[in-house]
Amino acid sequence: MLGIEALATEFPDAKFVMTHRDVTEVLPSVADLYSELTKVFTDDLDLHYLGSLNVDQWSTGIARTLKFRADNEDRFFDIDFRAMQADPIGVVTSLYDWLGQEVSPEFEGRMTQWWKRSAENREILERPGPEVFGIDAKAVRPLFAEYSARFT
């Protein structure tokens, strides 16, 4: 999202699939991923910095993407996270339709098997809350107000 214009310039036929979820749920999760990747390199990890970094990067990326989308709406396919969880086959079939591709019965069957197997083996991970990363949901929401009004 940060470099979407450059990406689109380099790949003028590119299409974009955007998944949507409440940013106040995503930001702590992404900051946690950053912390897991970073902590192997340091004993002095600043979790609040990671939270701030993610708020800055995501808000900038979303703003750039919304600006780019204004003239390129036909290049985007949107997937709501909740819809994907509720009906993954239907969402993927819609995506393939949008791409002009067919979902074969074999593909659908294998995807159904994978989804079921994955759900049975999925671990419920305890994720730290936003406060661990210094993320204040009330302060963050206005940065994503345009995006949230449109997509979540």
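Me: Which elements each supply at least two residues of the lining of the largest pocket?
Reply: Strand E1 (16-20), helix H2 (23-38) and helix H3 (47-69) do. H2 gives the most, four residues. Helices (H or I, at least four residues) and strands (E, at least two) are DSSP runs, numbered from the N terminus. This is a predicted model, where local features need pLDDT of at least 70 and side-chain atom pairs count only at pLDDT 80 or more, while totals for chains, interfaces and linings use all residues. Residues are numbered from 1 along each chain as its sequence is written, and side-chain values use heavy atoms, with hydrogens and water left out.

Me: What makes a set of grid points a pocket?
Reply: On a 1 Å grid over the protein atoms alone, a pocket is an open set with protein on both sides within 12 Å along at least five of seven lines; a cavity is a set where a 1.4 Å probe fits but cannot get out. Lining residues have an atom within 4 Å of a point. The largest pocket has 13 of them, and Thr-19, His-20, Arg-21, Val-26 and Trp-58 lie nearest its centre.

Me: What is the volume of the largest pocket?
Reply: About 300 Å³. A volume is the space filled by probe spheres set on the points, which are joined across faces, edges and corners. By that count, the second largest pocket holds about 180 Å³.

Me: How do the residues of the lining of the largest pocket divide?
Reply: Nine are nonpolar, three polar and one charged. Ala, Val, Leu, Ile, Met, Phe, Trp, Tyr, Cys and Pro count as nonpolar, Asp, Glu, Lys and Arg as charged, and the others, Gly among them, as polar. The lining of the second largest pocket has four nonpolar, two polar and three charged residues.

Me: Why is Arg-75 called buried?
Reply: Because its relative accessible area is 13%, and buried means under 20%, exposed over 50%, partly exposed in between (1.4 Å probe, protein chains only). Arg-75 is found in the loop between H3 and strand E2 (76-80). Its contacts (heavy atoms within 4.5 Å) include Phe-11, Phe-68 and Trp-98, not counting residues up to four places away in sequence.

Me: Which side chains along E1 are buried?
Reply: Phe-16, Met-18 and His-20, which point to one face.

Me: How many bridges join E1 to E2?
Reply: Five, and the strands run parallel. Two strands pair if DSSP finds at least two bridges between them, so E1 and E2 pair. Thr-19 stands opposite Ile-79 in E2.
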